[in-house]
Amino acid sequence: MGKSGSITVERLLAGIQNNECAIHIARLEAVERCKIYNQLTFERLMRKQGDIVRTLHSAADDWNEAMLITLLRYLGGAANKGAMERLATLVSYRTLMRENNSVATLEAMLLGCAGLLDIYPEDSYIARLRHEFNHLAAKYNLSAMLAGEWQLTGIYPSTHPTLRIAQLAACLHDNAISMSRITECKSRDDVRKLFASRASEYWIEHAIPNIDPTQVPRHIGSFTSDILGINFVAQLTFAYGDYTDSNELKTRAITLLENLPAEDNRYMRIWNSQDGVARNAYESQALLQLSREYCSKRRCAECPLARQLML
């Protein structure tokens with residue numbers, strides 16, 4: 001619609017349910033839409049920056065510890081986010097890096113603290129990991145969760161927590177994931193390389209009972225890698241850049257969002273019903289901010305799209 005017409009707040013409220021807002025934003029001139037996206041994406045980046053800084057303060061202002069907490073949170077998904085956050089309180093990044101020479105040792109520490117070794121029948125490998133965890137628990141004063149804290153049924157095989165933790169152990173072993181590695185990411189390929197390590201063959205075959213191993217993903221897939229690029233790598237890079245007053249890092253985070261594909265979720269399907277208005281993650285982040293902070297909260301009077309339409 002651009003500046004050629006106007007719309008009342010009341011009509012915008014009514015339009016939430018019938019995609020009118022998607023129609024309006026699709027009709028805006030490119031320059032006008034870009035201004036709206038810039039405002040909304042910056043708002044979202046700053047909101048998430050606040051979340052990350054709060055996590056940082058809870059981690060004694062250690063950026064690598066805050067990074068690990070944030071990564072585990074996203075790897076847990078909706079079903080196991082809370083359990084992953086609990087795991088992050090039991091094993092520190094510093095401790096993991098001290099034992100980074102062996103992927104089996106990392107598995108023992110992470111799966112042992114998670115309490116997930118208890119759900120598997122003992123064979124030679126499980127016995128080895130349990131013995132290793134007992135040694136590590138005594139060495140670092142580690143404690144363990146209960147297996148019952150995890151959601152293990154009714155989830156996709158690719159998001160099973162044992163498999164996710166095994167994939168993480170491989171990534172930590174191969175890539176020594178750290179804030180410095182994260183802030184170096186400039187492209188989609190860089191993010192994928194960060195999370196490309198394959199879980200050990202044992203867990204491919206044993207992580208999920210009664211599942212054909214050929215159906216179990218060896219590494220974090222491209223879809224999840226893209227989501228981590230958007231919600232983890234770019235957000236941490238921007239937050240660290242803002243915290244250290246580095247415009248270079250903030251620009252790198254924005255460039256990364258521009259180079260990642262737009263999210264595919266229920267919000268984006270509504271917006272993209274009109275000519276694909278979200279062409280990349282930078283734009284889909286803007287539309288998520290619009291959906292969650294304005295549309296869903298009925299803040300139409302404050303909405304940058306509404307203000308543009310009512311000019």
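The model is a predicted one.

α3 covers residues 30–58, and α12 covers residues 222–243. Their axes lie 9 Å apart. The angle between them is about 80°. That value falls between 65 and 115 degrees, so α3 and α12 count as roughly perpendicular. Which residues of α3 meet α12? They are F42, L45, M46, K48, Q49, I52, V53 and L56. On the α12 side, the partners are N231, Q235, L236, F238, A239, D242 and Y243.

Stay on α3 for a moment. T55 lies in this helix. Is T55 buried or exposed? T55 has a relative accessible area of 8%, so T55 is buried, the cut-off being under 20%. Set aside the neighbours within four places in sequence, and T55 is in contact with A66, I69, T70 and R73.

Now look at the nonpolar core. In soluble globular proteins, nonpolar side chains tend to be buried together. Here the largest nonpolar core holds 99 residues. Four of its members touch the most other members: L87, F195, W203 and W271. Which helix gives the largest share of this core? That helix is α4, with 13 residues. Take L87 as a case to trace. Beyond its neighbours within four places in sequence, L87 is in contact with L72, L110, C113, A114, M145, W150 and I165.

Next come the charged side chains. The model has 16 salt bridges. One of them joins D62 and R94, with N and O 3.3 Å apart. D62 sits in the loop between α3 and α4, while R94 is in helix α5, so this pair ties together parts that are 32 residues apart in sequence.

Another salt bridge joins E149 and R86, and their closest N and O atoms are 3.7 Å apart. This pair also links distant parts of the chain. E149 belongs to the loop between α7 and α8, and R86 belongs to helix α4. The two are 63 residues apart. How accessible are these partners? E149 is partly exposed, at 37% relative accessible area. R86 is partly exposed as well, at 36%.

A further pair is R130 and E122. Their closest N and O atoms are 2.7 Å apart. E122 has 55% relative accessibility, so E122 counts as exposed, the cut-off being over 50%. Salt bridges can also join up into a network. R47, D51 and R54 are linked in this way.

Finish with the cysteines. A disulfide is a covalent bond between the sulfur atoms of two cysteines. How many disulfides does this model have? The count is zero. To be counted, two cysteine sulfur atoms must be within 2.5 Å.

C295 is in no disulfide either. For C295, the nearest cysteine sulfur is that of C21, 5.2 Å away.

Notes. Residues numbered from 1 in each chain as written. Predicted model: local features only at pLDDT ≥ 70, side-chain atom pairs only at ≥ 80, totals over all residues. Heavy atoms only, no water. Salt bridge = Lys/Arg side-chain N within 4 Å of Asp/Glu carboxyl O. Helix = DSSP H or I, 4+ residues; strand = E, 2+ residues; numbered from the N terminus. Buried < 20%, exposed > 50% of the residue type's maximum accessible area, 1.4 Å probe, protein only. Core = buried A, V, L, I, M, F, W, Y, C linked by side-chain atoms within 4.5 Å. Contact = heavy atoms within 4.5 Å. Axes fitted to C-alpha atoms, helices over the stretch in contact; angles between N-to-C directions. Parallel < 35°, antiparallel > 145°, perpendicular 65-115°, else oblique.
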